[in-house]
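Please read them beside the sequence and the structure.

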Amino acid sequence: SKLLLMIATKAAAGGPFDKVKKMIKDLIVKLMEEATEETEHKGWCDTEMTSNKQTREDKAEAVSTLTANSEELTAKIAKLSNKIAELSDSISEIDAAVAEATSLRENEKTKNAATIEDAKVAQVAVAKALTVLQEFYAGAATATALTQQDPASDAPATFSKPYTGMGGSNTGVVGMLEVIQGDFARLESETTTSESAADEEYTRFTDDSSQDKAVKNTDLDNAEKDKSVAEADLTTTKKTLGATDRKSTRLNSSHLCNL
């Protein structure tokens, strides 16, 4: 029968319900696949989030450490700069003090040398004057210019004995010159002693100043080297800090999982 054949053909081809069942089955399979994929993605996302969190924490800690190091190096550089300035000022003061002391010593030495030389020349001159006067008075004491007169004549009483003039050792000209000669000798001695003491004091001062300057120069060199090292370390630390901070910022702003 053609009618039966047509029914059999339609039955073999399937009805509307078969298509619905197939659509439902396909939908179920698709949902199961999506669920599996979502589960796998969630697991990966959780792992990445945990790793990202740890990385951010590590970067934050590194930033904190680098910031502290940067501040410490900055303070160290400032301290070394002050120390260098103080040492430089101290060295300049030492040089100025030595220069002033040298100038004063040279002037004093020149003055003392002139005083000593004048005292020596004066002593020689006084000694010559004393010799002349002593020879004169010695000759006058034995003079016979008045022996031709009669002792009974009316010669002045002042010429009744040999003339000795004003040559007394205490109150006469000779005595005065001897005092002057002693004064010049004492001036020479005192000036020589003073010059020797001043020269010793100057030598001691310059030696102490030289030693002090050498110590300060060594400290200055060390401070300048330490400052150079600290500045280089600070530059490196700032570069590392900048790179680490940028990485940390990117990690904080990134979204690895959009579920």
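1. Glu108 is partly exposed, at a relative accessible area of 33%, whereas Arg105 counts as buried at 6% relative accessibility; here buried means under 20% relative accessible area, exposed over 50%, and partly exposed in between, with a 1.4 Å probe and protein chains only.

2. Residues are numbered from 1 along each chain as its sequence is written, and side-chain values use heavy atoms, with hydrogens and water left out.

3. Arg105 lies in helix 2 and Glu195 in helix 3, so the pair ties together parts that are 90 residues apart in sequence. Both Arg105 and Glu195 are buried. Arg105, Glu108, Glu195 and Asp199 are linked in a network of salt bridges, and the structure holds seven salt bridges.

4. Another of the salt bridges joins the side chains of Lys213 and Asp95, at 2.8 Å, N to O. With Lys213 in helix 3 and Asp95 in helix 2, this pair ties together parts that are 118 residues apart in sequence. Lys213 is partly exposed, with a relative accessible area of 27%, and Asp95 also counts as partly exposed, at 34% relative accessibility.

5. Which residues does Thr191 contact, leaving aside its neighbours within four places in sequence? They are Asn112, Thr115 and Ile116, contact meaning heavy atoms within 4.5 Å. Thr191 is placed in helix 3, residues 173-253, and is buried, with a relative accessible area of 9%. Ser70, which is found in helix 2, counts as buried at 10% relative accessibility. Not counting residues up to four places away in sequence, Ser70 touches Leu234, Thr237 and Lys238.

6. Lys109, found in helix 2 (residues 16-141), is partly exposed, with a relative accessible area of 47%; Lys109 and Asp199 are 90 residues apart in sequence and 8.2 Å apart in space, C-alpha to C-alpha. Ala85 is also placed in helix 2 and counts as partly exposed at 39% relative accessibility. Ala85 and Leu220 are 135 residues apart in sequence and 9.0 Å apart in space, again C-alpha to C-alpha.

7. Turning to the whole chain, there are three helices and zero strands, and the pattern read along the sequence is α-α-α. Of the contacts in the protein chain with a separation of 6 or more, 89% are accounted for by residues 24 or more positions apart. Buried residues make up 17% of the 259 residues. The accessible surface of the protein chain comes to about 19100 Å², of which 58% belongs to carbon and sulfur atoms; accessible areas come from the Shrake-Rupley method with a 1.4 Å probe, and for residues only the protein chains shown count as cover.

8. Confidence calls for a separate comment. The protein chain averages a pLDDT of 78, and 65% of the residues score at least 70, pLDDT being the predictor's confidence in each residue, from 0 to 100. Confidence is lowest in helix 1 (residues 2-13), at a mean of 62, and highest in helix 3, at 89. Over residues 151-164 the pLDDT stays under 50, and the model has six contacts for this stretch beyond four places in sequence. Over residues 166-170 the pLDDT is likewise below 50, with eleven contacts in the model beyond near neighbours in sequence. Where pLDDT is low, the predicted coordinates should not be read in detail.

Notes
This is a predicted model: local features need pLDDT of at least 70, side-chain atom pairs count only at pLDDT 80 or more; totals for chains, interfaces and linings use all residues. Helices (H or I, at least four residues) and strands (E, at least two) are DSSP runs, numbered from the N terminus. A salt bridge is a side-chain nitrogen of Lys or Arg within 4 Å of a carboxyl oxygen of Asp or Glu.
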